[in-house]
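Here is a short report on one protein model and its ligand. Look at the structure first, then read on.

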Amino acid sequence: MKILLVRPWVNKNITTVKNYLFGEPMGLECFSALLKENGVEVLLVDFMVEAKAVIETYLESFEPDAVGITSQCTDVENVKAIAKAVKLYCKAIPVLVGGVQASCFPNAFFVPEVDYVFKSTTRKNVKEVLEELEGSSNMRRIDGVYSRVLDFINDGEFCYNEYIVPDRSSTVKYRKAYKYVGYQPCAIVQTAYGCRNRCTFCIRWKIEGGELREVPIAEIVNQIAALDEPYVMICDNDFLINASRLETFCDLLETQNVKKEFICYGSVNSILEKPQLLSRLRKNGLVAVIVGYEAFEDRQLSIYNKASTIDDNEQATSLLKANDIACWGSFILHPDWSKKDFKKLLDYLDYLKPELATFSPLVPHPMTSLYETYKDRLLYDAEDYDKWNFGDVLIRPSKMSLKAYYWEVLKLSLKMNGNIYSVRYTLKAFPIANTLKMITGFNTLFSIYIKNMLTRR
Ligand code: B12
């Protein structure tokens with residue numbers, strides 16, 4: 001059996017960070033690994049890289065027996081367009097959809113052109129779907145999967161995604177294109193699922209579960225050692241959570257002589273709990289930590305149910321700086337902010353001096369309790385999936401017009417990313433060609449903000 005796997009093109013209408021966050025389609029690589037375990041021949045096409053390619057070319061040349069498509073919130077229309085094109089080419093080719101959007105909103109894909117929607121992906125449910133595709137089993141209810149022949153009805157058990165080692169050979173022809181901020185080529189690795197924190201705005205602990213599930217660290221180091229990329233982005237919610245696991249991580253990197261540079265997400269608490277470990281992590285390649293600061297006041301941190309205080313944030317930043325680890329801070333822009341609040345954030349950034357900072361307007365995602373709080377102020381319906389991209393303003397601002405709010409966001413991004421401290425860091429940390437690409441990326445983002453400012457009502 002032959003299965004064609006597809007990551008859709010970037011949606012042209014969204015507020016996107018694709019110019020500097022351009023990671024590998026790890027979900028499809030995991031699915032590819034499962035398919036190969038079952039003897040399936042796989043071809044993966046990444047339309048995020050091959051932006052001008054069309055699906056028909058691959059349907060003709062590869063002649064697949066089925067097509068699998070991955071999805072994020074911004075991909076819904078493109079996934080459906082690909083599914084439609086597949087069915088127009090040959091009605092008999094089954095279409096399978098998975099990915100984070102299928103996990104969050106499987107019903108977004110309950111359309112006649114899609115045959116299977118995977119809410120969760122496991123060895124067992126992939127095997128069962130393959131048996132159906134091969135005709136060796138009857139249509140039946142499969143855990144975690146909605147199928148069209150059963151009218152997309154499945155009231156059975158659902159589980160979380162199973163850990164699968166990604167089949168990186170499936171993306172070999174694209175790998176040089178994958179980057180994370182100024183680090184290119186950069187691989188992505190997941191070493192754990194779940195989170196101990198319960199931040200009110202976050203969907204990750206909803207998708208992955210509240211319990212921390214760790215993959216044996218020796219398995220992870222073997223995976224990292226086998227990578228060609230010099231840079232590795234560790235996408236766990238909080239890679240810095242487990243001190244003894246991090247010690248073993250360093251032991252193994254040292255004994256196996258693995259030399260890479262790492263970027264990870266780390267919580268303020270995790271940084272504060274293990275100051276003694278940071279210098280060892282730095283020696284073993286940790287170059288940057290993405291820290292969710294979110295706010296500049298304790299009052300707001302407690303609204304978001306953050307486990308840290310403003311004091312903690314400052315201490316964590318100092319610890320990172322003392323160990324020469326860059327701090328990439330992320331912040332949430334609250335819809336009830338006045339111009340003064342934007343100014344306060346800017347002052348706070350001036351004081352904290354994260355090497356880089358990103359801003360996301362508050363997203364009251366339907367999977368979170370914030371949805372109820374803000375549902376009367378929403379600018380878009382929950383089904384306008386591509387608007388829920390963590391870049392658009394979704395809640396009507398209370399202290400200024402939407403236009404004025406976008407203007408504040410634009411000014412903030414310009415001032416922050418153009419500040420001498422960040423520019424100096426960027427020039428020092430990344431090759432000049434990558435810095436130039438980042439500048440283009442920021443410019444594109446600014447033009448999107450300007451467009452939003454002028455057109456959004
Ligand atoms: C790395 C990453 C990226 C990478 C690449 C992601 C990708 N898969 O293509 C880059 C940097 C490109 C990226 C971009 C964006 N991202 Co992003 N990203 C992540 C991150 C940190 C990890 C994703 C990941 O690789 N997970 C691990 C893999 C293994 O999980 P997975 O993809 O779900 O795959 C599993 C199953 O879903 C299944 N599967 C996947 N595909 C398929 C297909 C089939 C057919 C089947 C059967 C199964 C299957 O197999 C895997 C088994 O475990 C997550 C946060 C997180 N940890 O989830 C955010 C996250 C996914 N991103 C998010 C967002 C919002 C974006 C952007 C929209 C931001 C923006 N405004 O530009 C863009 C969209 C890019 C686009 N498509 O145009 C949101 C998604 C929200 C949503 N409902 O979709 C998340 C959850 C972050 C958050 N805010 O909480 N992202």
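## Between two domains

Domain 1 (2–150) and domain 2 (178–455) both give residues to the shell around the ligand, so the ligand shell lies between them. Keep in mind that this is a predicted model. The two ranges come from the domain assignment of the protein.

How far apart are the C-alpha centres of domain 1 and domain 2? They lie 28 Å apart. The domains also touch: 23 residues of domain 1 are in contact with 24 residues of domain 2. On the domain 1 side, β2, α3 (76–89) and α4 each supply at least two of the touching residues. Helix α4 gives the most to that side, with 4 residues.

## The ligand shell

There are 43 residues around the ligand. Gly23, Gly27, Gly68, Thr70 and Gly98 come nearest. Several elements give two or more residues to this shell: β2 (21–22), α1 (26–37), β4 (66–69), β5 (95–97) and α4 (100–104). Which of them gives the most? That is α1, with 5 residues.

Two elements turn up in both places. β2 and α4 give residues to the ligand shell, and β2 and α4 also supply residues to the side of domain 1 that touches domain 2.

## The nonpolar core

In soluble globular proteins, nonpolar side chains tend to be buried together. Here, the largest nonpolar core has 119 residues. Val6, Val97, Val117, Val232 and Cys264 touch the most other members. The largest share comes from strand β14 (residues 286–294), which gives 6 residues. Domain 1 (2–150) and domain 2 (178–455) both give residues to this core, so the core lies between them.

Take Val232 as an example. What does Val232 touch, not counting residues up to four places away in sequence? The list is Cys186, Ala187, Val189, Ile224, Leu227, Lys260 and Phe262.

## The whole fold

The protein has 17 helices and 16 strands. Its C-alpha trace spans about 65 × 60 × 40 Å along the principal axes. A compact globule of 457 residues would have a radius of gyration near 23 Å, and the protein has 22 Å, which agrees. Of the 457 residues, 43% count as buried.

Contacts reach along the chain, too. Take those with a separation of 6 or more: residues 24 or more positions apart account for 75% of them.

## A closer look at Lys339

Lys339 is found in helix α13 (residues 339–352). Is Lys339 buried or partly exposed? Lys339 has 14 C-beta neighbours inside 10 Å, so Lys339 counts as partly exposed. A buried residue would need 20 or more.

Lys339 and Lys399 are 60 residues apart along the chain, and their C-alpha atoms are separated by 8.2 Å. Leaving aside neighbours within four places in sequence, Lys339 is in contact with Met400 and Glu408.

Methods: Residues are numbered from 1 along each chain as its sequence is written. This is a predicted model: local features need pLDDT of at least 70, side-chain atom pairs count only at pLDDT 80 or more; totals for chains, interfaces and linings use all residues. A residue is near a molecule or strand if its C-beta atom, placed from the backbone, lies within 6 Å of it. Domain bounds come from an automatic or database domain assignment. Two residues are in contact if their C-beta atoms, placed from the backbone, lie within 7 Å. A nonpolar core is a set of buried Ala, Val, Leu, Ile, Met, Phe, Trp, Tyr and Cys residues joined through C-beta atoms within 7 Å. A residue is buried if 20 or more other C-beta atoms lie within 10 Å of its own, exposed if 12 or fewer, and partly exposed in between; C-beta atoms are placed from the backbone. The radius of gyration is taken over C-alpha atoms; the globule rule is 2.2 Å times the number of residues to the power 0.38.
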